[in-house]
Amino acid sequence: MKHSIATVSLSGMLPEKLRAIAAAGFDGVEIFENDLLYYEGSPADVKSICQDLGLEIFLFQPFRDFEGMPRERLTKNLHRAEKKFELMHELGVDRMLLCSNVQNNCIKDDTMIMDDLYAIAEKAALHNIKVGYEALAWGAHVNSYRHAWSLVKEIDHPNLGMILDSFHTLSIKDDLTELAYIPKEKIFFVQLADAPLMKMDVLEWSRHFRCFPGQGQFNLQYFLAPILVAGYEGPLSLEIFNDEFRAAPTEQTACYARRSLLYLEELTRNHLQYNYITAHQSLFSPAPVAQYESVAFLEFAVDESARTELNHWFEQLGFQKTGQHKSKDVSLYQQGDINLVLNSEPDSFAQHYYAIHGPSLCASAFKVSNAEQALTRAKQYGCHTYEGRLGPKEQFIPAILAPDGSLQYFLDNAADIHQTDFFSKPNDQVAYLNSIDHFAIGIPPETMDIWTLHFKSIFGFVTEHELTLADPYGLMKSKVVRSIDSTVRIPLNISENKHTSIARSFTAYRGSGLQHVAFSTKDIFETVAKLQENNLKLLKIPENYYEDLSAKFDLDEQFLNKLQAHNLLYDEDEKGGAMLHVYSEIFGNRFFFEILQRFNGYSQYGANNTPVRLTAQRAANN
Ligand SMILES: O=C(O)c1ccc(O)c(O)c1
Ligand SMILES: [Mg+2]
């Protein structure tokens with residue numbers, strides 16, 4: 001289907017927005033009146049910029065507070081409309097959005113409103129313009145598409161139709177059934193926006209918190225599907241009022257905006273198919289999501305000194321160096337199913353990454369059912385791919401760029417590369433740690449929505465509820481993205497405050513970066529004893545914490561003493577699951593390691609203990 005976006009959705013000056021919109025692959029735009037008002041060029045200039053960029057102008061908007069005004073205002077309002085029709089001719093657009101009146105003095109009389117709408121439709125006809133009526137959720141009288149449609153249907157004028165905007169419909173939880181029964185020629189335009197569910201004034205919610213499809217909590221496919229069933233074939237247009245996007249980089253936002261429409265098309269296609277409705281042929285249909293089986297490896301960019309230091313930490317954690325790359329300065333550490341890689345190869349991706357970020361996670365690799373399929377899907381979604389220089393006999397591993405510019409590899413032959421790419425020796429030590437339970441990354445707050453969309457669309461991951469947690473110097477928020485069956489889990493952490501641990505890691509990394517890696521073990525007491533024997537520095541937990549535990553949970557004294565002796569933290573969930581976990585100290589203000597054991601299907605991340613951890617880390621690292 002054709003894709004469009006309202007200019008209000010992006011940051012920047014009008015020409016800059018238009019260039020980014022074209023570069024992201026949109027077919028056209030809605031010109032938001034304010035963008036035009038503030039622009040120094042004429043409407044004809046805007047028309048020619050769009051033409052040069054290959055963008056169609058689909059819609060001019062909004063025209064406000066027209067219908068149902070006191071009678072003496074009608075002539076004036078019709079005159080105002082005609083002025084805008086003339087401007088629209090200069091712009092080269094034939095469709096206008098009229099939003100329902102929000103004024104206090106709007107007269108709540110359907111007959112009078114219909115007279116007014118008929119009058120504007122007649123004027124529009126003289127100018128060859130089509131007026132689409134949109135019910136704002138906070139409209140003074142008309143605030144639902146069903147009310148708007150009852151009026152438009154009754155008026156039955158060829159120059160008057162409907163504009164359907166997902167936000168206004170889904171925010172008031174309106175019934176969606178009637179959408180399928182609006183004749184397609186009466187649906188003049190469709191606007192799409194997602195939003196997080198919030199308890200607040202609907203106007204404020206709409207003006208500040210809309211987001212791209214897939215980033216919020218609306219089920220947009222339930223809104224779009226009946227519109228397609230009605231036969232609508234016009235553009236799908238994003239209209240996003242969002243404070244973060246107003247400040248975010250224009251080009252990147254435009255790219256993710258476009259991807260969100262592809263994602264919505266895919267969800268809608270699946271939803272239609274699930275209901276045995278023949279899907280629109282033109283709906284985006286990418287390669288299916290591959291199955292994500294595990295984290296295949298985590299790769300750290302290091303220089304010589306960081307390599308020595310991390311080598312030491314890994315050994316203390318019980319890893320064994322089992323591989324040396326055949327042609328590169330890359331080494332492999334293993335334990336159980338865990339693979340960690342240190343890369344200090346000159347003139348490589350890792351070294352460029354190191355030059356900017358210092359010791360950091362430069363790549364994460366995922367074991368998937370079919371790497372080619374995962375890559376194809378990512379490409380279809382417009383992801384940037386990466387192909388590094390291959391050494392002799394080295395295997396090619398498909399990779400894409402994550403939103404922070406690090407690499408994400410897809411592997412379906414994880415076992416093989418150890419043989420083909422590395423001089424390897426068998427791991428002959430006992431494995432205390434078994435697998436990567438999760439790894440957390442700290443990201444700039446304004447990129448949270450981009451990251452979630454990345455994992456949802458490319459990886460087919462799901463998100464868990466965002467949690468707000470206390471740091472001694474502010475707040476952090478954490479949202480987990482994970483594969484459906486939890487084989488891969490990645491908490492995404494943000495903080496708006498300047499002095500929190502997350503903020504400190506941003507400074508160290510000069511950007512986003514790894515916060516911690518959590519390894520699972522099958523016997524945490526034995527493992528911790530071993531790590532202590534290896535002199536791994538574990539985070540010391542204050543005694544008060546254990547006092548509180550004994551008050552909160554039904555734990556016996558001996559067990560509590562054992563926890564305290566091992567600096568172990570304890571959490572329970574409401575379904576009877578429990579978790580024991582312990583933390584290392586922090587590696588250079590950057591990342592740390594967690595060792596955990598889950599019991600009885602505990603599916604959380606010990607967030608209740610995060611404030612204790614953050615405070616203890618700060619005490620140890622100040
Ligand atoms: O917030 C508003 O005023 C506004 C204007 C135009 C729209 O299309 C819309 O959905 C909201
Ligand atoms: Mg709208």
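User: Which residues are found around ligand 1, and how is such a shell read?

Analyst: A residue is near a molecule if its C-beta atom, placed from the backbone, lies within 6 Å of it. In this predicted model, the residues around ligand 1 are Gln61, Pro62, Leu97, Cys99, Glu134, Leu136, Asp165, Gln191, Ser206, Arg207 and Glu239. Residues are numbered from 1 along each chain as its sequence is written, and chains are lettered from A and ligands numbered from 1 in the order in which they are written. As the model is predicted, local features need pLDDT of at least 70 and side-chain atom pairs count only at pLDDT 80 or more, while totals for chains, interfaces and linings use all residues.

User: Which strands and which helix each supply at least two residues of this shell?

Analyst: Helices (H or I, at least four residues) and strands (E, at least two) are DSSP runs, numbered from the N terminus. Here, at least two shell residues each come from strand E3 (56-63), strand E4 (95-99) and helix H8 (202-209).

User: Where is Pro62 placed, and what kind of peptide bond joins Gln61 and Pro62?

Analyst: Pro62 belongs to strand E3. The bond between Gln61 and Pro62 is a cis peptide bond, with omega about -10 degrees.

User: Why is Asp65 called partly exposed?

Analyst: A residue is buried if 20 or more other C-beta atoms lie within 10 Å of its own, exposed if 12 or fewer, and partly exposed in between; the C-beta atoms are placed from the backbone. Asp65 is partly exposed because 19 other C-beta atoms lie within 10 Å. This residue sits in the loop between E3 and helix H4 (74-91) and, although not a glycine, has a positive phi of about 50 degrees.

User: Is Asn535 buried or exposed?

Analyst: Asn535 is exposed, because 9 other C-beta atoms lie within 10 Å. Its place is the loop between helix H18 (524-533) and helix H19 (543-552). Asn535 also has a positive phi, about 65 degrees, without being a glycine.

User: Which residues touch the most other members of the largest nonpolar core?

Analyst: In soluble globular proteins, nonpolar side chains tend to be buried together. A nonpolar core is a set of buried Ala, Val, Leu, Ile, Met, Phe, Trp, Tyr and Cys residues joined through C-beta atoms within 7 Å. The largest core here has 180 residues, and Met162 and Phe366 touch the most other members. Helix H11 (residues 250-274) gives this core its largest share, 10 residues.

User: At which residues does UniProt place the feature "binding site"?

Analyst: UniProt positions are given in the numbering used here, feature names are shortened, and annotations may be inferred rather than shown by experiment. According to UniProt (unreviewed entry), the "binding site" feature is at His438, His516 and Glu594. They are spread over 157 residues of sequence, yet cluster in space, with a largest C-alpha distance of 9.4 Å.

User: Why do His438 and Glu594 count as buried?

Analyst: His438 counts as buried because it has 20 C-beta neighbours inside 10 Å; Glu594 counts as buried because it has 23. His438 lies in strand E18 (residues 433-442), and Glu594 in strand E26 (residues 592-599).

User: Which residues does Glu594 touch?

Analyst: Two residues are in contact if their C-beta atoms, placed from the backbone, lie within 7 Å. Leaving out residues up to four places away in sequence, Glu594 touches His516, Ala518, His581 and Tyr583.
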